[in-house]
Amino acid sequence: WEAAGYEVRGVALSGIAAENLEGGSGIASRTIASLEHGWEQGRDLLKSNEVLVIDEAGMVGTRQLERVMSRAAETGAKVVLVGDPQQLQAIEAGAAFRSIHERHGGAEIGEIRRQREDWQRDATRNLATGKVGHALEAYRANGMVHEAMTREQARGDLIARWDRDRQVSPDRSRIILTHTNDEVRALNEAARGRMRAAGDLGDEVGVTVERGARSFAGGDRIMFLQNERGLGVKNGTLGTIELVSAQSMTVQIDDGRSVRFDLKDYNRIDHGYAATIHKAQGMTVDQVHVLATPGMDAHSSYVALSRHRHSVDLHYGRDDFTDADRLNRAVSRDRSKDMALDYDRADPVQSYAERRGITFRERVAEIVRKAVPEK
């Protein structure tokens, strides 16, 4: 595009996705919110000779995408949407990216580069096409799905495996993923306990951060939770603490940079051994450890089980999923968001049901069975 005389800009919903787009493509990128803020101030307006690349477009809500597309239409700029409609759904209403692709088509990339082994690439293809059960069976056959009696035991097994992996392969990158912030905090505390027992943490310093009271030490993994241009960090940036006091912190970011900040100026941080699956979209690490809980679905499973280069281990408790079939069904649930255009205006209720695999004949039969008990 640049060789043809166009200017190219990139945007994404989150700061970390914009950073990944810039790092992977060389396209100068920022968040969509930042771009729109500039437009409100009369800055950074689109021009007819520009190409705007929107990455992770499946996570962009319909209203926000409409605003950006309308600006582009007014100026004659070209917009390129890049994403995967099967991954995490937009937080806001709608599924504009999926709807545009269904109605107008697009270029599709089928080659998987992140995973190193062919069977894992095949598993990722199954995840991408909704065949989550097939992917789980492949990982189970290779010893990477682990059942425990309770979630508490599953959490303990996960941390023990994570600890073994980090000691055997200290140079490999890794992350623990789960569905809720409460589980993230429990996993972070458990991981820190292993780090402390191994003598890998310095002196504890108690500080109050945005999420409350925390203890940090030299050697701790941390995650930044808010974009800060002055520090060059994004919401989701990971690093390791070099120095910490009650007033300030010095962190080596995973890209090799060292940043120092006063906690009174920036305290949007937390421990970074574990993260929610939503924080992980766009992330690539060598090893992933996943704690499955009932809130997961096909979209979060796809993201969680495809972040790794080398290995992913999935742990679950039988108090959450009584057996492997229950786990398969739960993490295979399709929760795709809809568009008004998806529904037949003549009979929107029936089209709503049909999109979810519900037929009225089956529903009536189910009602009758409940009303008339079998003899």
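Modeller: The model is predicted, and confidence in the protein is lowest in helix α13 (residues 360-371), at a mean of 66. Helix α7 (residues 151-168) has the highest, at 97. The protein averages a pLDDT of 89, and 90% of the residues score at least 70.

Biologist: What does the secondary structure of the protein come to, and what percentage of its residues count as buried?

Modeller: There are 13 helices and 16 strands. Of the 375 residues, 45% count as buried, the criterion being under 20% relative accessible area. Among contacts between residues at least 6 apart in sequence, 66% join residues at least 24 apart.

Biologist: Why is E137 called partly exposed?

Modeller: E137 is found in helix α6 (residues 132-141). Buried requires under 20% and exposed over 50%; the relative accessibility of E137 is 41%, so this residue counts as partly exposed. Its C-alpha atom is separated by 8.9 Å from that of A123, 14 residues apart along the chain.

Biologist: Why does T129 count as exposed?

Modeller: T129 has 54% relative accessibility, and the cut-off for exposed is over 50%, so the term applies. T129 lies in the loop between α5 (118-128) and α6. In space it is 9.8 Å from A298, C-alpha to C-alpha, although 169 residues separate the two in sequence.

Biologist: How do you know that the span of helix α3 (residues 62-75) agrees with what it should be?

Modeller: At 1.5 Å a residue, its 14 residues should span 20 Å, and the end C-alpha atoms of α3 are 20 Å apart; the two values therefore agree. The helix is followed by G76, whose phi is positive, near 85°.

Biologist: Which residues of α3 are buried, and why are they said to line one face of the helix?

Modeller: Q64, L65, V68 and A72 are the buried residues of α3. Seen down the helix axis, they fall within an arc of 100°, so they line one face. The buried residues pack against α2, β3, β4 and α4 (96-104).

Biologist: What makes β2 (29-31) and β4 (78-81) the edge strands of their sheet?

Modeller: The open sheet has four strands in the order β2-β1-β3-β4, with parallel pairing. β2 and β4 each pair on one side only, and these are the edge strands. Neighbouring strands of this sheet are turned by 25° against each other on average, direction ignored.

Biologist: What makes β1 (residues 7-12) and β2 a pair, and what packs on this sheet?

Modeller: At least two bridges are needed for pairing; β1 and β2 have three, in the parallel sense. V11 stands opposite R30 in β2. Helix α2 (residues 32-40) packs on the sheet, where it touches β1, β2 and β3 (50-55). The direction of α2 makes about 85° with that of β2.

Biologist: How do you know that strand β9 (residues 221-224) pairs with β10 (residues 238-244) and with β13 (residues 269-271)?

Modeller: The criterion is again at least two bridges. β9 and β10 have three, in the antiparallel sense, and R221 has T240 as its bridge partner in β10. Three bridges also join β9 to β13, and these strands run antiparallel; I222 stands opposite H271 in β13. From β9, R221 and M223 point one way and I222 and F224 the other, and all are buried.

Methods. Residues are numbered from 1 along each chain as its sequence is written. This is a predicted model: local features need pLDDT of at least 70, side-chain atom pairs count only at pLDDT 80 or more; totals for chains, interfaces and linings use all residues. Side-chain values use heavy atoms; hydrogens and water are left out. Helices (H or I, at least four residues) and strands (E, at least two) are DSSP runs, numbered from the N terminus. Axes are lines fitted to C-alpha atoms, for helices over the stretch in contact, and angles run from 0 to 180 degrees between N-to-C directions. Contact means heavy atoms within 4.5 Å. The expected span of a helix is 1.5 Å times one less than its number of residues. Buried means under 20% relative accessible area, exposed over 50%, partly exposed in between (1.4 Å probe, protein chains only). The arc is that of the directions from the helix axis to the C-beta atoms. pLDDT is the predictor's confidence in each residue, from 0 to 100.
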